[in-house]
Amino acid sequence: MDNKQAIIESLARALESWVRHASAAQLWQVQQQGGLGASIEVDGDIVHARVELGGPRNPLSELGRTDGHLPVTEAVLGNGAAAWGAPPPHGDPAREAWFLSNELAQEHARQYLLAEVREKREVLEQFVEAWLDRQ
């Protein structure tokens, strides 16, 4: 297929949709370990891209990964600990329960991941190029 850009755009839309609809547990997993992947099917001029969590490492795997640190938005909020509900320290097992129950933290994780998808287009290009090489 010679329309690599159409495949990249389809993948970008699939990633954005996944981020918007991901559960809190899925967002937590991406922050902790990364692990995003995708499957692509092309049928004539129609491209179907579906985002998956897990599977083999690939160029998308590191998107959204913060190793459990809250996204940059944590620093931006500064003294907004009341809004965050004062997260447990990094590495504390209670941090996951806090994240899973904190809609504001989840929304910031979504914003961070969406921004990475938009800013790191080269990662999407690498994924699509690897997929094309296997075709």
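# A tour of the helix packing and the core

Start by selecting helix α2 (residues 24–33) together with α6: their axes cross at roughly 55° and come within 10 Å. At that angle, α2 is oblique to α6. The crossing of these helices, α2 and α6, is left-handed. Show side chains for Ala-24, Leu-27, Val-30 and Gln-31 on α2, and for Gln-106, Ala-109, Arg-110 and Leu-113 on α6; these residues make the contact. By class, the residues of the contact of α2 with α6 are 5 nonpolar, 2 polar and 1 charged. Keep in mind throughout that this is a predicted model.

**The whole chain**

Zoom out and colour by secondary structure. The chain has 7 helices and 2 strands, and their order along the sequence is α-α-β-β-α-α-α-α-α. Colouring by accessibility instead, 41% of the 135 residues count as buried. Among contacts between residues at least 6 apart in sequence, 66% join residues at least 24 apart.

**Gln-106**

Return to α6 and pick Gln-106, which belongs to this helix (residues 103–119). Is Gln-106 buried or exposed? Its relative accessible area is 10%, so Gln-106 is buried, the cut-off for that being under 20%. Display what surrounds the side chain, leaving out neighbours within four places in sequence: Gln-106 is in contact with Ala-24, Leu-27, Phe-99, Leu-100 and Ser-101. Ala-24 and Leu-27 belong to the α2 side of the contact with α6.

**α2 against α5**

The crossing of α2 and α5 is right-handed. On α2, select Ala-24, Ala-25, Leu-27, Trp-28 and Gln-31; on α5, select Arg-95, Glu-96, Phe-99 and Leu-100; the contact is made by these residues. The contact of α2 with α5 has 6 nonpolar, 1 polar and 2 charged residues. Phe-99 and Leu-100 of α5 are also among the residues that Gln-106 contacts.

**α1 against α7**

Next, select α1 and α7. The axes of α1 and α7 cross at roughly 120° and come within 10 Å. With this angle, α1 is oblique to α7, and α1 passes α7 in a right-handed crossing. From α1, the contact takes in Lys-4, Gln-5, Ile-7, Ile-8, Glu-9, Leu-11, Ala-12 and Leu-15. The contact of α1 with α7 divides into 10 nonpolar, 1 polar and 5 charged residues.

**Glu-16**

Stay on α1 and pick Glu-16, which is placed in this helix. Why does Glu-16 count as buried? Its relative accessibility is 17%, and buried means under 20%. Beyond the residues within four places in sequence, Glu-16 is in contact with Leu-114, Val-117 and Arg-118. Now draw a distance from Glu-16 to Arg-110, C-alpha to C-alpha: the two are 9.3 Å apart in space and 94 residues apart in sequence. Arg-110 is one of the α6 residues in the contact with α2.

In soluble globular proteins, nonpolar side chains tend to be buried together. Here, the largest nonpolar core has 31 residues. The largest share, 8 residues, comes from α1.

Finish on Leu-36 and show what it touches, not counting residues up to four places away in sequence. Leu-36 touches Leu-15, Trp-18, Val-30, Val-51, Glu-52, Leu-53, Asn-58, Leu-60, Ser-61, Leu-63 and Leu-113.

Methods. Residues are numbered from 1 along each chain as its sequence is written. This is a predicted model: local features need pLDDT of at least 70, side-chain atom pairs count only at pLDDT 80 or more; totals for chains, interfaces and linings use all residues. Side-chain values use heavy atoms; hydrogens and water are left out. Helices (H or I, at least four residues) and strands (E, at least two) are DSSP runs, numbered from the N terminus. Buried means under 20% relative accessible area, exposed over 50%, partly exposed in between (1.4 Å probe, protein chains only). Contact means heavy atoms within 4.5 Å. Axes are lines fitted to C-alpha atoms, for helices over the stretch in contact, and angles run from 0 to 180 degrees between N-to-C directions. Angles under 35 degrees count as roughly parallel, over 145 as roughly antiparallel, 65 to 115 as roughly perpendicular and the rest as oblique. A crossing is left-handed if the near helix is turned anticlockwise from the far one by less than a right angle, and right-handed if clockwise. Ala, Val, Leu, Ile, Met, Phe, Trp, Tyr, Cys and Pro count as nonpolar, Asp, Glu, Lys and Arg as charged, and the others, Gly among them, as polar. A nonpolar core is a set of buried Ala, Val, Leu, Ile, Met, Phe, Trp, Tyr and Cys residues joined through side-chain atoms within 4.5 Å.
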